[in-house]
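Please view the sequence and the structure before reading on.

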Amino acid sequence: MRYLLILTLLLIGNGNLLAKSDNLILDQAGFSGTYVLAGTPLERKNQALLTYLWADVYSAAFYTEASINPSQAVSQPVAQRLELYYYREIAKEDVLKAAWVTLERQHSAAQLEKLKPEVDALHATFRDIRPGDRYALNYSAQQGLTLERNGSEVFRSSNSELARAYLGIWLAPEGLSDKLREELLSEK
């Protein structure tokens, strides 16, 4: 018991040990350094790990054009990609509930009523998540919003309001995780 307490204190007191652990987990996600979206080369700006109650849930990577910083990309209709790599099983119903709770926190009832048919169509493509699954939301002026699941496109919409709202679940204020958002949008 004494050794467990000492190990716990060492881990808490040494941020470097925890950072190395996060880096190993991020490496497991295997995010590419670049991605080409509708002919536009994007570069990975940041990646981050979402942990909930000490469990690693997913890693996220945010991509934009080389000349555009992450905060600019979120505030403008420019090419961008948000990629998620999952470490845990998550029931589809839990994903949908979290998405709606976040959307309702971020948008007015009138805005959501307008977007609801397309949000429902996007949600209809979701499946239960298994460890190793990879989802990506892409936006470009040419293609609109696309959703990929494990490398295959499963949804497309030309509605830029839907793109902004849905990417905002991760990238806008009052989203799923302030810490994740800050890490993805930081100017490193």
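Which residues of helix α7 (residues 178-185) are buried?

## Helix α7

The model described here is predicted. In helix α7, the buried residues are Leu180, Leu184 and Leu185. Viewed down the helix axis, these buried residues fall within an arc of 115 degrees, so they line one face of α7.

Lys179 and Glu182, on the other side of α7, are exposed. The cover over the buried residues of α7 includes β2, β3, α3 (70-75), β4 (80-86) and α6 (160-171).

## Strand β6 and its partners

Strand β6 (residues 144-149) is mostly covered, with six of its six residues buried. Strand β5 (residues 134-140) runs antiparallel to β6 and is joined to it by six bridges. Within this pairing, Tyr139 has Leu145 in β6 as its bridge partner. The two strands β5 and β6 form a hairpin, with three residues between them.

Strand β7 (residues 152-157) is also antiparallel to β6, and five bridges join the two. Here Leu147 stands opposite Phe155 in β7. A hairpin is formed by β6 and β7 with two residues between them, and Asn150 in the turn has a positive phi of about 50 degrees.

## A nonpolar surface patch

Tyr52, Leu53 and Trp54 make a nonpolar surface patch of about 500 Å². Trp54 lies in the loop between β2 (40-52) and β3 (55-64). Is Trp54 buried or exposed? Trp54 counts as exposed because its relative accessibility is 82%, and the cut-off for exposed is over 50%.

Technical notes. Residues are numbered from 1 along each chain as its sequence is written. This is a predicted model: local features need pLDDT of at least 70, side-chain atom pairs count only at pLDDT 80 or more; totals for chains, interfaces and linings use all residues. Side-chain values use heavy atoms; hydrogens and water are left out. Patches are made of residues with over 30% relative accessible area and no salt bridge: like charges are joined within 9 Å, nonpolar side chains (Val, Leu, Ile, Met, Phe, Trp, Tyr) within 5 Å. Accessible areas come from the Shrake-Rupley method with a 1.4 Å probe; for residues, only the protein chains shown count as cover. A salt bridge is a side-chain nitrogen of Lys or Arg within 4 Å of a carboxyl oxygen of Asp or Glu. Helices (H or I, at least four residues) and strands (E, at least two) are DSSP runs, numbered from the N terminus. Buried means under 20% relative accessible area, exposed over 50%, partly exposed in between (1.4 Å probe, protein chains only). The arc is that of the directions from the helix axis to the C-beta atoms. Contact means heavy atoms within 4.5 Å. Two strands pair if DSSP finds at least two bridges between them.
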